[in-house]
Every structure is written in structure tokens, then in C-alpha cells.
Amino acid sequence: MAWSNQDKTAIVGIGSTDYYMRGKSWPRTINDMAAEAIMNACADAGISHKQIDGFAYYSTAGAGYLDKFDTASLMETLGMPHISYSATLTSGGGGCPGAIGLATAGLMNEDCTYTVTLMALQQLPQHRLGVVFGSAAPSPENSFLQPSGLVGPGHLMSVLARRHMHLYGTTQGAFGEVVMATRANTHNRPKAIRKAPLTKEEYDESVMLADPLRRLDFCLETDGAVAVITTTMDRAKDCRHKPAVVHACAHGGQREWGRAFAWMGMPDPHFASSGHKFTADRIWAQSGLSAQDMDVALIYDHFSPMVLMQLEDYGFCEKGEGNDYVLSGKLRYDPETGTGVNGGVPVNTHGGNLNEAYIIGMTHIVEGVEQVRGTAINQVKDAEFALVSGGPASLPVSSLILRKD
Amino acid sequence: MTYGPARALPGDQIKITTNPDTEPFWQAAKEHKLTACECGECGHFRMPPTAVCPECGSREKKWPSLPGTGTIFSFAICNKNPKNGEDYIYVPVVVDLDGAPGTRLNANVSGCDADDVHIGMKVVVDWTPIQDGWVLPNFRKA
Ligand SMILES: [Zn+2]
């Protein structure tokens, strides 16, 4: 059944700071970067930041993994006269595109008129994401995981990747192709961190951090901030750019995935998955569309195997066939024609978390907006539908379909 | 790639905490008894131990003695001690526990080269003393 909020709201503004290598944004403060991203997004929308009256966060309103956003502090910083909606999805980056659904909930409830969704990330040495799990005192729950030395997200993800390789014959070559195919999209992007084309030889020489995963299978560690503005369709008509229409949006997941790699209790076939199957089924049911209807897919890529597993869970290929799908070049974008390659749907035309910058998923939303506006640097010809995913991590995970107006 | 012997991480660097739901597991481990949380009503196993049976809603718990054997479900090979960054080959394993269907423990495996660890490998519990007098269940190749 079609989603009752289908095509009722739109993303009308996108804004970001520069992207910095981890720690290099200092001495900027995190609220300074957040404010710049919000003001840039409002300027892009053609509104004043003082018109924002709603906040729809994800990651439990986290700014990075140790800082927190606080709506009152942001009001104090930016001078918003009043707010009438302030809400967050729980857990982590899995909720990123789902926050647009949260914004839609506030807008359709007539609680607010312009909502901002944002992330700012500043990895000072004590905040380094890659060691967050290991440096935290183990809770009673985490005392069943941390002593194993599975302390970083990359360690955890490698265990899932290994199971996928065992069950389906998936190869490290496919993980490499995910990185290479998306790296090919950054050479012309001024703000991208990794721009040099990546060869198979360079990938194979990348240091093994958590076998079977190499350093280049891990996403970048970057600082920066990104904000997007969501409003109702009637208000969107008065904004500067063509609206990126919110066509479907869902967050959640099923018990068999649950806390995922913070738990490792997932039965097959969920263990060697992205945990997105339940949410994927929901957005396809909401929209009546399928993976093959997408013109571009902005797939959360904290670790390369999770791109492959999301492509399976969203139905770009069958479960267990991700290896062959990826290796056939179907993630690639052909700049000559502005289309996919070999019948595939181009993935991460912005370079993603692996190559452009890692702002916990927000750059994927920005790229989705630019694609359906028709203003993307690596524009997919006549892009009508863009899929954006978040996570995979502890539930909720989420996804969003943006539609050209 | 040749890694050589798989070693458990040093126990003197490992800390755990408990709560009333999980403590019976760790008290049994102190006596070198491997247990898992079993529902006192319907017999469903769950790990880590939680307050309520997710199948039937009962708060009754049993802590049966398990055989102490299991099968590697998946694993990674890591090469740096996470506490100090020094070179250290260890193999975190996710182990399906015999005698407690559906439950797993995350641990280290030793008694073989890291290169020889594989999914489906049989393992047996190996007790590692850790901080504060607790004992951690790790595994050795069976
Ligand atoms: Zn029960």
C-alpha cells in the first residue's frame, strides 16, 4: 500500500562545510561547523536559518560518536526564535536517511514548517571512531563481545564478511571492486579526500587490518558537517531549487538482526547480510517500486562488503549473488553516457564514505538530492529515482527514495 | 599470508562488568563451568543473558552445565593488540555452543596457527583468568 506521506514533503536545501582529514578541523568547534552547514543549507533553500523550527536527528542526536547535538544550544548559537519539533532516531548511522522520515512526521503533523537534519563530526584523538568500542568500559552487555578483541567496527564487519565468503563464495576481489568503482567517481569532485584512481594492484597491497578486510575496505575518517532542510511540498515550490521529493522513507528492522555485530547472534541468512531486508521490503511496498526502478543508489559504505550485502538485501541482485553482480561492473557510472554499466544501477556517484568523505551518511542524502535536481557532478542522465540507505548497524537501519519533481 | 600461532589476548588487560542478569554466567566461569541462560519455563536459550525470555516472556532462568565444546561460526584475523597497538596475532571467533541451541560466544581461539582457523572448526573451552578475579571463556582447537 502506498505510503500516506508519499510526495508530501521534499528536501529543499543542502549544505556542508569543507571535509577535513580526521582531527584537522580543529580549532573549529563542532557547533561552528554545524552552524556553517545549517546556514549553507538554508541559503541553498532560499530561507533564513531563523525560519527553522524543527530538528530531526539520527544517531541519538549524536555529533560523531562522543559529542551530542542539543537543540537549545543550536538555537542559542543561531538565534532561532522558537522551535516546535525536536526528535531523534535512536542507535547510530543506520538511521541517517530515516531522519528525513522523522522530519516528514513532524511536518505532516503540522508541528513545524522547516526541519533541519544534520551531522557534524570531529575526531579529536580521544574521539576516534575506530576505537570507540574498545575504549569504552565494557557494559555487562558488551562484556560478551569486547574481551574477544573485536573492538573496532572494522573488526566486527570482517566477521560478517567472512561468513558471506563462506556461504556464497564471495571474494575479496569483489570488495576491491566496490572501492575501485566508487573511487572512479571522485577525480572531478573538489571536496573529495581520495581522488586518485585506484588500481587492483594498489588495492591488493593495502594493509590487512582485520582479515579479510584491508585498510581500503574501511571508510575514511574525516571531519566536517552536513545539513539538509526538509519542508512540505507547498512550501518547497517557493524554494530556490527544484524539490527533491520524499517518495518513500522507512526505518527499523527485525529481531534476527537486532544489535547486529554488537551481538553476533544473528542466525543465517541474516548474519551475512546488511540487516536491511525488512526495511528494503517496506520501502518497496510503500512505493510500489523495486531496485531496478532506481536510477542511482547511494549505499552507505562504511565498509565495502556492506555495500555488496545491501545490494542483495535491496534486490539489485539475488541473495548470494552480490559477488558476481559487483564483479560484472554494475556499480560503475559511465561519465560518457551518464548511465550505468552492463545494465547496473550506478552506486555512490559521489564516491561515498570510502572515497569522498565520511559524515555518517549525510553525503549520500546530499548526492541523492543533487541527482534528482539534475545538478550532480556525476549526473545520471534523466535521474528520476534515487535510493539512499543508512547503516548497516544496530537497529534501526533506514532508507529513503527521493524523486525528481 | 602467513600469520603463525593464534594467541588469546592477555587476560591481565581484560576487564568485564556484570549485572544481576549476567552474573550467574560469570560466577560459573570462575569455577570453569560453561553455562548459558536457559528459560526456566520453555527451555529457550539466550545469550547474553537478559531479564526476560524473548520467546515466552518468563523471568525464570536456569543455568545448565554445557559440554564446553562448540563450532566456529565465523571469525576475523587481527594483528594488533587493541590495548596498546603492539603486533599481536589473535583470532576473534564467534562460536556456536554445543548443548545450547542458538547461542554464541565471542572469544579468541588458540592451539593452532591463525591461518588454519576455519568456519566449522570444532573448539573446546579454554579458561583465561582476567582482571578482578574473573575468568573468561576462550577456546582451543579441539
Ligand atoms: Zn521462555
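## Stop 1: helix 6 of chain A

Select the buried residues of helix 6 of chain A: A:Gly173, A:Ala174, A:Phe175, A:Gly176, A:Glu177, A:Val178, A:Val179, A:Met180, A:Ala181, A:Thr182 and A:Arg183. Buried means under 20% relative accessible area, exposed over 50%, and partly exposed in between (1.4 Å probe, protein chains only). Helices (H or I, at least four residues) and strands (E, at least two) are DSSP runs, numbered from the N terminus.

This is a predicted model, where local features need pLDDT of at least 70, side-chain atom pairs count only at pLDDT 80 or more, and totals for chains, interfaces and linings use all residues. Residues are numbered from 1 along each chain as its sequence is written, chains are lettered from A and ligands numbered from 1 in the order in which they are written, and side-chain values use heavy atoms, with hydrogens and water left out.

Helix 6 of chain A is mostly covered, with 11 of its 12 residues buried. What covers them? Show helix 5, helix 7, strand 9 (213-214), helix 10 (304-313), helix 11 (322-327) and helix 12 of chain A, which are included in the cover. Now check the span of helix 6 of chain A. From first C-alpha to last, helix 6 reaches 17 Å, close to the 16 Å expected at 1.5 Å a residue. The expected span is 1.5 Å times one less than the number of residues.

## Stop 2: A:Ser206

Move to A:Ser206, in the loop between helix 7 and strand 8 of chain A. A:Ser206 is buried, at 10% relative accessible area. Its side chain reaches the backbone nitrogen of A:Leu216 at 3.1 Å. Leaving aside neighbours within four places in sequence, A:Ser206 is in contact (heavy atoms within 4.5 Å) with A:Arg214, A:Arg215 and A:Leu216.

## Stop 3: salt bridges

A salt bridge is a side-chain nitrogen of Lys or Arg within 4 Å of a carboxyl oxygen of Asp or Glu. How many salt bridges are there over all chains? The count comes to 23.

Select A:Arg162 and A:Asp211, whose side chains form a salt bridge at 3.5 Å, N to O. A:Arg162 lies in helix 5 (residues 153-168) and A:Asp211 in strand 8 (residues 208-211) of chain A, so the pair ties together parts 49 residues apart in sequence. Both A:Arg162 and A:Asp211 are buried.

Next, pick A:Arg189 and A:Glu356, which meet in a salt bridge at 3.0 Å, N to O. The pair ties together parts that are 167 residues apart in sequence. A:Arg189 is buried, and so is A:Glu356.

Go to chain B for B:Asp132 and B:Lys15, a salt bridge at 3.3 Å, N to O. These two tie together parts 117 residues apart in sequence. B:Asp132 is exposed at 52% relative accessibility, and B:Lys15 is partly exposed at 42%.

## Stop 4: the zinc ion

Which residues hold the protein donors of the zinc ion? Select B:Cys39, B:Cys42, B:Cys53 and B:Cys56, whose SG atoms lie 2.3 to 2.4 Å from the ion. Donors are N, O and S atoms within 2.8 Å of the metal (3.2 Å for Na, K and Ca); water is not among the atoms, so sites may look incomplete.

The 4 donor atoms subtend angles of 100 to 115°, which makes the arrangement tetrahedral. Four donors count as tetrahedral if all angles lie between 85 and 135 degrees. In sequence the donor residues are spaced C-x2-C-x10-C-x2-C. B:Cys39 is buried at 0% relative accessible area, and B:Cys53 is buried at 2%.

Definitions and conventions
Four donors count as tetrahedral if all angles lie between 85 and 135 degrees; four count as square planar and six as octahedral if opposite donors are over 155 degrees apart and all others between 65 and 115; anything else is irregular. A polar contact is a pair of N or O atoms within 3.5 Å; within protein, one must be able to donate a hydrogen and the other to accept it, and residues adjacent in sequence count only if both atoms are side-chain atoms.
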